[in-house]
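Please read them with the structure open.

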2 protein chains.
Amino acid sequence: MARIVGISGSLSQPSRTRALVEEIAARASHQLHAPAEVIDIAGIAAVLGSTVSYGEFPPELSEAYEKVQAADLLVIASPVYKASYTGLLKHFFDLLDPKALVGKVAILGATGGSDQHAMILDYQLRTLVSFFSVYTAPTAIYARDSEFAHYQLTSDAIRQRIAVAVDQAEFLLKHPQVPQVLVA
Amino acid sequence: MARIVGISGSLSQPSRTRALVEEIAARASHQLHAPAEVIDIAGIAAVLGSTVSYGEFPPELSEAYEKVQAADLLVIASPVYKASYTGLLKHFFDLLDPKALVGKVAILGATGGSDQHAMILDYQLRTLVSFFSVYTAPTAIYARDSEFAHYQLTSDAIRQRIAVAVDQAEFLLKHPQVPQVLVA
């Protein structure tokens, strides 16, 4: 049974990004009959941000990395800050072993004030995740702030896009992978 | 007289990235007869990383932002972590007012283990800086780890590239700017 872990890169609580991650993770959980949980960067921001060396992780951070490493499907989303993912979401990946995610599958998402920032999904977040040899669902999910009300998703168009991305992730999860040998 | 501020995005001390920033800042300082100083993300990492809200900055962070805002020329460089700039360098910019750098000039640099990562300068760091309406020297400086010895730059080819970038920055600084009105 696949394990699903969402990562919300927002620094705010409540958060539209977190709502998006939960929506995608819940859909995947239902379809794949698999448990899902969400790591909220906002919840571990201070601990994460003040950790700058490898291998000396405080418990909250170690727990988060254990969950991520045990996952088969990751749902990773960020609000758009300064034309990219948040710095602390990047820092979460900076501290992660480069081999920790090899062969996992991910669905990518982002939230932002206008459609002008949608391409960060392909030019920034997909680039980061691909570095870790993660297979990504080709359909990524960008939701404008206006597609939420009271920090809950209200858009059926986005829900349809989520359904497509979950189908793609299921396809990736259910097919045997190319054997992968990491090369320097 | 132009003021020059370097920002080194490395989390390590000593740091090749910091050496690169200092080399570029020193060259610019000499050529522009201007004072230069360097902000080292490694030196403020814990304070920076644990700051997640705007407007409640600890003194070390406020001082760094004051220096950046008073600068005319910024020298911004990062080591390549996971196919991009460091997360904490991004977090430094995440917390900065979007209007704080309008019209400033920047020289961009990066250090990495192999030439394969050189394009982060144009696809990641220039993108981030351009968000802030900063004019960038078209020549960016990528230096491999093997171009340093004992954390000091040893490459004449890189020094020549630095000279070109400083000339470009001088050109940008000495010409009147297009009047800029920020639009939403």
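1. The model itself is predicted.

2. How are the two chains related? Chain B superposes on chain A by a rotation of 180 degrees with 0.0 Å of shift along the axis, at an RMSD of 0.0 Å. This is the relation of a two-fold axis. Within chain B, Gly49(B) has the C-alpha nearest the axis, at 1.8 Å. Both copies use the same surface, since 100% of the contact residues of chain B recur in chain A.

3. The interface joins 27 residues of chain B to 27 residues of chain A. Between them the chains bury about 2,100 Å², with 63% of that area on carbon and sulfur atoms. Which elements of chain B give two or more residues to the side that touches chain A? They are α2 (41–49), α4 (87–94) and α5 (120–131) of chain B. The largest share, six residues, comes from α4(B). By class, that side of chain B has 16 nonpolar, eight polar and three charged residues.

4. How many salt bridges cross the interface of chain B and chain A? The rule finds zero. For polar contacts across the interface it finds 14 residue pairs, with both residues at pLDDT 80 or more.

5. Over all chains, a search of the whole structure does find salt bridges, 20 of them. Side chains of opposite charge can pair when their charged atoms come close. In chain B, the side chains of Asp40(B) and Arg18(B) form a salt bridge, with an N to O distance of 2.9 Å. This pair links distant parts of the chain, 22 residues apart. Asp40(B) sits in strand β2 (residues 36–40) and Arg18(B) in helix α1 (residues 16–32) of chain B.

6. Some backbone geometry deserves a look. Most residues other than glycine have a negative phi, and most peptide bonds are trans. The bond joining Gln13(A) and Pro14(A) is cis, with omega about -5 degrees. Pro14(A) belongs to the loop between β1 (4–8) and α1 (16–32) of chain A. In chain B, the peptide bond from Gln13(B) to Pro14(B) is likewise cis, with omega near -5 degrees. Pro14(B) lies in the loop between β1 (4–8) and α1 of chain B.

7. Where in chain A is Lys82(A) found? Lys82(A) is in the loop between β3 (73–79) and α4 (87–94). Although Lys82(A) is not a glycine, its phi is positive, at about 50 degrees.

Methods. Residues are numbered from 1 along each chain as its sequence is written. Chains are lettered from A and ligands numbered from 1 in the order in which they are written. This is a predicted model: local features need pLDDT of at least 70, side-chain atom pairs count only at pLDDT 80 or more; totals for chains, interfaces and linings use all residues. Side-chain values use heavy atoms; hydrogens and water are left out. Copies are superposed by least squares on the C-alpha atoms of residues with pLDDT of at least 70 in both. Contact means heavy atoms within 4.5 Å. Buried area is the accessible area (1.4 Å probe) that two parts lose on being put together, summed over both. A salt bridge is a side-chain nitrogen of Lys or Arg within 4 Å of a carboxyl oxygen of Asp or Glu. A polar contact is a pair of N or O atoms within 3.5 Å; within protein, one must be able to donate a hydrogen and the other to accept it, and residues adjacent in sequence count only if both atoms are side-chain atoms. Helices (H or I, at least four residues) and strands (E, at least two) are DSSP runs, numbered from the N terminus. Ala, Val, Leu, Ile, Met, Phe, Trp, Tyr, Cys and Pro count as nonpolar, Asp, Glu, Lys and Arg as charged, and the others, Gly among them, as polar.
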